[in-house]
Amino acid sequence: MSTVPGLFCAGDASGASSHKFSSGSHAEGRIAAKAAIKFIVENNQMPVLEPAALEALKAEILKPLATFEKFQAATTDPEINPNYIKPRMFMFRLQKIMDEYAGGITAQFTTNEALLKKALELLAYLKEDAASLAAANLHELMRCWENTHRMWQAEAHVRTVLFREEDFRADKPQIDEEKWHVFANCRFDPKTNTWETMARPILHVFSPQPKEPAIARV
């Protein structure tokens, strides 16, 4: 379960790892599903929502459809419009930021502090444009929110790599096992609009094997 009660995560949503692939995400999905069912059984009460709050939430969710309906006639090509951005182009911008600045394949999976800070700057611009996402149909509406979630996850990833300096960091090549043999977590506070990054201990299923002494080579 995430820091939001009742919100469960699996796959990339529960932390990026190059060793997960499909099988790992599948295993995490089963774990999250069982935990979600347990949570529902133990908290078997419908939440109480004010009608006004519910209507405001519905309006926010459906806003991309309303944006497209309002501005689609401003241009002859609905894919290009100064008043909105479609989810496909939004996705390309997000992928480009993460690929070039956050240790993607074109950067040969390396990055550094300057590139990561530039990524945060570009993600801040992208977050502003997320308010102008537009959807021509329900499929694009799903893509709008999917990309919004990806954007938040991307920022969490960048901030975590900034905190955990040995991940993909060409400017921090040395490894300190005593200090960095931990999980790196982050949390966003919507009330203060700030991020908190922290280290969490690793709880080993098996005791770590002692390292063999280094052998000097001549």
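**Close-up views of the model**

**View 1. The side chains of Glu-100 and Lys-96 come together in a salt bridge, 2.6 Å from N to O.** The term salt bridge is used here for a side-chain nitrogen of Lys or Arg within 4 Å of a carboxyl oxygen of Asp or Glu. Because Glu-100 and Lys-96 are four residues apart in helix H4, about one helical turn separates them. Glu-100 is partly exposed, at 33% relative accessibility. The words for exposure have cut-offs: buried is under 20% relative accessible area, exposed is over 50%, and partly exposed is in between, with a 1.4 Å probe and protein chains only.

Some notes for every view: this is a predicted model, in which local features need pLDDT of at least 70 and side-chain atom pairs count only at pLDDT 80 or more, while totals for chains, interfaces and linings use all residues. Residues are numbered from 1 along each chain as its sequence is written, and side-chain values use heavy atoms, with hydrogens and water left out.

**View 2. Here is the whole protein, with seven helices and two strands.** Helices (H or I, at least four residues) and strands (E, at least two) are DSSP runs, and their numbering starts at the N terminus. The protein has 218 residues, of which 22% count as buried. Now take the contacts between residues at least 6 apart in sequence: 54% of them join residues at least 24 apart. A contact means heavy atoms within 4.5 Å.

**View 3. Lys-58 and Glu-55 form another of the salt bridges, with their closest N and O atoms 3.5 Å apart.** In total, the structure holds 14 salt bridges. Lys-58 and Glu-55 sit three residues apart in helix H2 (residues 51-61), so about one helical turn lies between them. How exposed are these partners? Lys-58 is partly exposed at 41% relative accessibility, and Glu-55 is partly exposed at 46%.

**View 4. Glu-140 and Lys-86 meet in a salt bridge whose closest N and O atoms are 3.4 Å apart.** This pair links distant parts of the chain, 54 residues apart: Glu-140 belongs to helix H6, and Lys-86 to the loop between H3 and helix H4 (87-101).

**View 5. Leu-126 lies in helix H5.** Its relative accessible area is 0%, so Leu-126 is buried. Which residues does Leu-126 touch, leaving out those up to four places away in sequence? They are Phe-90, Arg-93, Leu-94, Ile-97 and Met-151. Take Phe-90: Leu-126 and Phe-90 are 36 residues apart in sequence, and their C-alpha atoms are 8.0 Å apart in space.

**View 6. Ala-27 is part of helix H1 (residues 21-42).** Ala-27 counts as partly exposed because its relative accessibility is 36%. From Ala-27 to Ala-10 there are 17 residues in sequence and 8.5 Å in space, C-alpha to C-alpha.

**View 7. The second largest pocket has a volume of about 260 Å³.** Its lining has 13 residues, and those closest to its centre are Glu-60, Ala-130, Ala-131, Trp-145 and Thr-148. On a 1 Å grid over the protein atoms alone, a pocket is an open set of points where a 1.4 Å probe fits, with protein on both sides within 12 Å along at least five of seven lines; lining residues have an atom within 4 Å of a point. The points are joined across faces, edges and corners, and the volume is the space filled by probe spheres set on them. Helix H3 (63-71), helix H5 (113-130) and helix H6 (138-163) each give at least two residues to the lining. H6 supplies the largest share, five residues. By type, the lining has eight nonpolar, two polar and three charged residues. Here Ala, Val, Leu, Ile, Met, Phe, Trp, Tyr, Cys and Pro are nonpolar, Asp, Glu, Lys and Arg are charged, and the others, Gly among them, are polar.

**View 8. Strand E1 (residues 182-189) and strand E2 (residues 194-201) run antiparallel, joined by eight bridges.** Two strands pair if DSSP finds at least two bridges between them. Cys-186, for one, has Thr-197 in E2 as its bridge partner. The hairpin of E1 and E2 has four residues between the strands, and in it Asn-193 takes a positive phi near 60°.
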